[in-house]
Amino acid sequence: MGKTALSDDDVDMKRTSPTVARAQASVLEEDKHATRLIDPSSIRMSAVMDRIDPSDGLEELISSIREHGQKVPVLVRRIQDGSLEIVYGRRRLLACRELGQKVRATVMEMTSEEALIAQGVENNARQDPSFIERALFVAGIVRELGKTEESRKNAQTVAYRALQIDESLVSRMNRIATGIPVELIQAIGPAHGVGRRVWEKLFKLCEKDISRAQKVAGDIPRNLPGADRLNAAIALLTASKPSLPKSNLGDRVTVSRRGNRITIDVDPESVSHVEAAVRELLLNLLDRGQEGSASGHSDDPIS
C-alpha cells in the first residue's frame, strides 16, 4: 500500500510533539554554552578585580594570540540591562582589544554570586594569584555583595566558596586588604611567594599610623622585586621618626611650675623645635583618650 501524505495539521503536530520540543530545548541549551565571536569593546569589566594590574606581562599573551589565535574562550554573562560583563578571561579580553580583533566567548546566564564564584575558582586553577591579590578579591566581594549587615554574611560565604578557603580566613584577608592603603599596595605589587604573615605585619604597622603608611608608598624603590618592596615598606614604617636635635636641656630650656601653671622659657634658636614637640605631645595625649583629664585644666595656660 502507498504511504498517505501528511496533512499540514500532521506536520504541525510533529513539530510540537514532546520529542521535538525536547530536541528544540536541547538545541537552545547547547546554544547557551556555544562560543561566539564578540566585539571586545562591548564587554565591560566586572567591579571585582582579581589582579592588581591585569595588563602586567600582557605583551606575551598578545604575541601568542597574534601567532596562534585565541585557544581558550573567555566567559561572559548577560546582566539585567542586557549588556555583557566579563566573568573570567580579563587578560585574553584585553589582548584582543589591543589586537583589534573579536574575542571568542561563552555567554551564560549567571547571578552576581555565581559569577564571582566562577571567577575565583577559574583564576585559582589557571594562575598563581598572590596572597594580597586573593585578599583584594575577597575585599571586593564583601564590598559589592555585603553592602548591608544582612547581606555581609552571604558575601563572606561567596568569598570562601570562590577561593575555597576557610571561613575564618575570609575575615582576616578582608581586614588586611582594606587596612593597607591602596596606594601602598599598588606601590608594592603582587609580591608573589609572600604569605599572609608578612602582609599581616605590614597591616598592623599601617593601623598604627595610616597617614604615614600612605606617604611611605612614594618612597618604595620600583626597581626592586615585589617581595623586596614589601620588606622595604615594613622597614620604612618600622624605622623611628627623625628626632629633634639633642641639646643640654638646662642650657637652652627652662621649665618652671607654679600651681597649675607651667612656664617654658626657650632659647630663641630652639623655639620652633620645642613648639613642635609640645604640640605633638598634646596631640598624642588626646589620641590616647586623655581629653577628660585635659579638659579639667583647659583654662590653665602654658606660656
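At what angle do helix α10 and helix α12 pack, and how far apart are their axes? In this predicted model, α10 (residues 196-208) and α12 (residues 226-238) pack at an angle of about 30°, with 10 Å between their axes. Angles under 35 degrees count as roughly parallel, so that is the label α10 and α12 get relative to each other. As for handedness, the crossing of α10 past α12 is left-handed.

Now for the residues that do the touching. On the α10 side you'll find Val 198, Trp 199, Lys 201, Leu 202, Leu 205 and Cys 206, and they meet Leu 230, Asn 231, Ala 233, Ile 234, Leu 237 and Thr 238 of α12. Sorted by class, the contact of α10 with α12 has nine nonpolar residues, two polar and one charged.

On to the sheet. Strands of a sheet pair through backbone hydrogen bonds, either parallel or antiparallel. Here five strands make an open sheet with mixed pairing, and the order reads β1-β5-β3-β4-β2. The edges are β1 and β2, each of which pairs on one side only.

| Strand | Residues |
|---|---|
| β1 | 35-38 |
| β2 | 43-44 |
| β3 | 74-78 |
| β4 | 84-88 |
| β5 | 103-108 |

Arg 36, for instance, has Ala 105 in β5 as its bridge partner. A helix also packs on this sheet: α4 (residues 90-99) touches β2, β3, β4 and β5. The direction of α4 makes about 125° with that of β4.

Key
Residues numbered from 1 in each chain as written. Predicted model: local features only at pLDDT ≥ 70, side-chain atom pairs only at ≥ 80, totals over all residues. Heavy atoms only, no water. Axes fitted to C-alpha atoms, helices over the stretch in contact; angles between N-to-C directions. Helix = DSSP H or I, 4+ residues; strand = E, 2+ residues; numbered from the N terminus. Parallel < 35°, antiparallel > 145°, perpendicular 65-115°, else oblique. Left-handed = near helix turned anticlockwise from the far one by under 90°. Contact = heavy atoms within 4.5 Å. Nonpolar A, V, L, I, M, F, W, Y, C, P; charged D, E, K, R; others polar. Pairing = 2+ DSSP bridges.
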